[in-house]
Each structure stands twice: as C-alpha cells, then as structure tokens.
Amino acid sequence: MINRFSYCLYYLIFISLTANPIFAQTSEQKALEAKRERLQKEIKEINRLLFTEKKEKGNVLDQMDALDQKINVRQELIRVTNQQSNLLNRQINVNIRTISKLREDLRILREDYANLIQKSYQNKSQSSRLMFLLSAENFFQAFKRLQYMEQYAKHRKKQGEDIIVKTDELAALNKDLVAQRKSKERLLSDNRKVKNELFKEIESQKVLLRSIRQNETKYTAAIEQKRKEARKIDREIERLIKSAIASTNKRAGKSGRTKFVLTPEAQLVANNFSANKGKLIWPVEKGVKSQGYGVYADKLYPGIKHRNNGVTIATDEGSQARAIFDGEVIAIISVPGGGRGVTIKHGNYISAYYNLSKLYVKKGDKVAAKEVIGDIYTSRFNGATKLKFYLYQDANRLNPEEWIYQL
C-alpha cells in the first residue's frame with residue numbers, strides 16, 4: 001500500500017498545475033466565441049445593408065468595395081474559428097491526460113481500499129478487537145490501540161468516499177470530453193460552410209473584375225471622381241475646423257489656427273472625452289463599417305492609393321446621425337455640389353458627421369450624447385445610406401476606429 005501522505009501531496013500538486021491552464025483556456029474560449037458571434041453578425045449586416053437587390057444594381061465600384069469588405073470579414077471569421085478549434089484541441093488533450101491520471105488514481109485507491117477491506121476482514125471479529133485491546137501492557141497503550149482502531153475505521157470510510165468522488169470526477173470529465181468533441185465538429189462544419197461562401201464571393205469578385213476591365217476607361221474615371229469628391233470634403237471639414245479654432249482663440253484674446261486655447265470648463269470636457277477612448281458610442285444607432293480609416297490600395301488598380309480621413313458607416317434608410325458625446329456645434333458643413341454635415345466640439349476634440357440630408361441643429365447649439373443631429377442621406381441611384389464620420393484633436397486627424405467602441 002502506497003504512503004497515503006505522499007499520494008495526497010502528489011495529487012494536490014497535479015491539480016494545482018492543471019487547474020489554472022484549464023480556467024485560462026475556458027476564458028479564452030469565451031472571448032473567441034464572442035468575437036466569432038460578432039463577426040457573424042457583421043456579415044449579416046453587410047449582406048442586409050450592402051447587398052440588397054437595389055444596391056446590387058448600383059455602381060459596380062460600390063459592389064466591389066462591399067464584396068471586398070465581406071471577403072475580409074469572412075477571412076477573419078475563418079481565422080477566429082480555427083483559433084477556437086485549436087484551443088479545443090488543447091483542451092481535449094488536457095482532458096485526455098487528466099482522465100488518464102484519474103484512472104490511475106482510481107486504480108491505486110481501489111487497490112488501497114481492497115487491502116483495507118482484506119485486513120479489516122481478517123480482524124473483523126469482536127473477540128479479535130477485544131483481545132487486541134486487552135493484550136496491551138498498560139492503560140496508555142490500550143488507549144492508543146483504541147485510537148488506532150477508530151482512525152483505521154475512519155480511514156477505511158474515507159477511502160470508500162474517495163473512490164466515489166474519483167468515479168464521479170471521471171464520469172464528469174468523460175461527459176465534458178464528449179461535449180468538447182461535438183463542439184469541435186460543429187466548429188469544423190461551420191468553417192467548411194464559411195469557406196464555401198468565401199470561394200463563391202471570390203468568384204463573384206473575379207466576375208466583377210472582368211466586367212470592369214472591359215470598361216477600364218469608364219471606371220478609372222469614376223475612381224478619380226470619387227477621389228476628388230473625398231478630397232473636397234476633407235478640405236472643407238479641415239478648413240472649418242481651423243476657422244473655428246481661430247475664432248475661439250480670438251475671443252479668448254489668443255491667436256492660432258491649429259490648437260484650441262481651453263478654458264477650465266473646456267479642459268474638463270476634453271479630459272472626459274479622452275477618458276472614454278475606445279468606449280465612445282457609434283454615431284448611428286446601428287450599422288456596419290463599410291470603409292475604414294487610413295490609406296489603402298484600390299482593389300482594381302493597386303497602384304492607385306486612396307485615403308479615408310474618417311470612417312464610412314452603412315446603415316438603414318431613414319437612419320439618423322447622433323452626437324457621440326456632449327458638445328457644442330461649431331460649424332455646418334456644406335460642400336458645393338455635395339452634401340451637408342455637422343461639426344461638434346468636445347473640449348479640444350471635434351467630431352464631424354457628413355452626408356446628411358436634413359439637419360436638426362445649428363451653429364452654437366449645445367448637444368448631448370445620443371442627441372439626433374440630422375437625417376442621413378440615401379442615394380437614389382443605389383439605395384445606399386452611408387454616414388462619413390471624422391474625428392480630430394484640435395486640427396490633427398484621429399482614427400475613429402480607436403475611439404468608437406468596436407468600430
């Protein structure tokens with residue numbers, strides 16, 4: 001029979017070494033599942049907002065952008081699902097090792113228990129126990145023998161209880177292992193479906209590319225027109241921001257067009273805004289990012305570079321733009337031959353909302369977070385409803401994706 005203390009110590013060390021990784025993997029699995037669900041929801045929103053029948057009859061370049069966006073999200077979904085599958089593999093391997101260890105523990109316990117039963121049977125008669133006590137040389141020795149008999153009985157009972165516990169643990173781990181293998185099969189099945197959809201979308205993209213190549217002159221002109229319109233909007237927004245900075249500073253008896261001179265109250269607003277980085281609300285109630293921030297290569301002609309100084313958000317027809325934080329309207333955007341928009345000051349931060357068909361605020365108005373500031377324009381050509389959203393600190397551009405929650 002093995003040394004009971006050594007066995008318990010070994011078992012406790014084993015549990016302490018395996019428990020934490022299992023817990024960490026479970027937390028990681030939950031995080032991956034949440035991300036996978038978010039990506040699946042994003043794909044549904046892309047399909048709903050960018051791939052309706054009316055929109056598919058619109059500009060081929062818009063279709064190309066939308067298709068490319070969906071392909072990117074689907075590739076990310078495949079990557080996350082693979083991560084989940086790999087993590088489940090590691091968890092299954094841990095469970096297999098733990099089950100193997102539990103089986104060995106159970107075997108040792110049963111052998112130990114069998115030895116106890118055998119010895120107990122050999123000494124089970126009342127007369128044997130009585131003779132064991134009476135043969136003591138003195139009262140103290142008899143008392144110690146009585147204690148030993150009681151401890152032996154408790155130890156026997158504890159061994160039986162341990163066997164029950166170990167058996168239950170083994171059954172639970174086996175059940176968990178079956179569930180994990182089913183989860184893995186489900187993930188692999190989902191991934192196969194996603195990959196099939198991805199292949200179809202890539203083929204659709206190739207068809208679009210061939211269509212565009214046949215009308216290359218027309219589409220290169222359309223691309224250049226889109227770039228000009230974007231630059232015109234960007235210049236007007238930045239002109240209005242610098243003008244607002246100069247006007248605000250002049251009232252405070254200061255000069256400068258690139259940085260606000262803040263009052264204590266404005267500094268407090270700026271601090272609160274900054275403290276909410278990554279947690280700010282969306283400028284629409286619901287929607288999907290259709291174009292991110294920064295410089296990116298054209299999907300048709302990689303040599304052509306585009307710059308998006310903000311983000312473009314696709315939403316439902318009839319949707320409204322809303323302020324992302326408490327602030328003051330400092331300018332109304334009106335681009336000749338284009339749309340309208342609103343710029344709002346939050347201390348020395350500025351949020352700008354463009355492509356509005358109707359405004360509900362005017363310069364000088366105080367607005368609260370989530371307050372509606374205008375209706376978003378819906379294109380009669382392709383039915384697209386898109387808001388262009390910008391963020392600045394003084395006259396410096398910021399990436400809205402780093403500030404808006406899960407944008």
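Predicted model: local features only at pLDDT ≥ 70, side-chain atom pairs only at ≥ 80, totals over all residues.
Student: What is the overall make-up of the chain, in helices and strands?

Tutor: The chain contains 7 helices and 12 strands. Of its 407 residues, 42% are buried. Among the contacts with a separation of 6 or more, 71% are between residues 24 or more positions apart.

Student: Why is the pair of Phe 273 and Tyr 349 called stacked?

Tutor: A pair of aromatic rings is described by the distance of the centres and the angle of the planes. The structure holds 5 aromatic pairs. For Phe 273 and Tyr 349 the ring centres are 4.8 Å apart and the planes stand at 25°. Rings pair if their centres lie within 6.5 Å, and planes under 30 degrees apart count as stacked. Both values meet these limits, so the pair is stacked.

Student: What makes this pair a tie between parts of the chain that are apart in sequence?

Tutor: Phe 273 belongs to helix 7 (residues 264-275), whereas Tyr 349 belongs to strand 8 (residues 349-359). The parts tied together are 76 residues apart in sequence. Phe 273 and Tyr 349 also belong to one aromatic cluster with Phe 325 and Trp 403.

Student: How do you know whether Phe 273 and Tyr 349 are buried or exposed?

Tutor: Buried means under 20% relative accessible area. Phe 273 has a value of 0%, so Phe 273 is buried. Tyr 349 has 6% relative accessibility and therefore counts as buried.

Student: Why is Val 295 called exposed?

Tutor: The word exposed requires a value over 50%. Val 295 has 52% relative accessibility, so Val 295 counts as exposed. This residue is placed in strand 2 (residues 294-297). Beyond its neighbours within four places in sequence, Val 295 is in contact with Lys 305, His 306 and Arg 307. Val 295 and Asn 308 are 13 residues apart in sequence, with 6.4 Å between their C-alpha atoms.

Student: Why is strand 7 described as largely enclosed?

Tutor: In strand 7 (residues 340-346), 6 of the 7 residues are buried, so the strand is largely enclosed by the rest of the structure.

Student: How do you know which strands pair with strand 7?

Tutor: Two strands pair if there are at least two bridges between them. Strand 6 (residues 327-334) and strand 7 share 6 bridges in the antiparallel sense.

Student: What makes both faces of strand 4 count as covered?

Tutor: In strand 4 (residues 311-314), Val 311 and Ile 313 lie on one side, Thr 312 and Ala 314 lie on the other, and all are buried. Strand 4 is joined to strand 1 by 3 bridges, running antiparallel. In this pairing Gln 291 stands opposite Thr 312. A further 4 bridges join strand 4 to strand 11 (residues 386-393), again antiparallel. Val 311 stands opposite Phe 389 there.

Student: Why is Thr 385 called buried, and where does this residue lie?

Tutor: Thr 385 lies in the loop between strand 10 (372-376) and strand 11. Its relative accessible area is 1%, under the 20% limit, so Thr 385 is buried. Apart from neighbours within four places in sequence, its contacts include Ile 313, Ala 314 and Ile 376.

Student: Which parts of the chain line the second largest pocket?

Tutor: This pocket has about 860 Å³ of space. Of its 30 lining residues, the closest to the centre are Glu 42, Trp 282, Val 288, Lys 289 and Leu 407. Helix 1 (4-50), helix 3 (60-122), strand 1 (288-291) and strand 2 each supply at least two lining residues. Helix 3 gives the largest share, 5 residues.

How values were computed:
Residues numbered from 1 in each chain as written. Heavy atoms only, no water. Phe/Tyr/Trp six-rings, centres within 6.5 Å; stacked < 30°, edge-to-face > 60°. Buried < 20%, exposed > 50% of the residue type's maximum accessible area, 1.4 Å probe, protein only. Contact = heavy atoms within 4.5 Å. 1 Å grid on protein atoms, 1.4 Å probe; cavity = no way out; pocket = protein on both sides within 12 Å on 5 of 7 lines; lining within 4 Å. Points joined across faces, edges and corners; volume = space filled by probe spheres on them.
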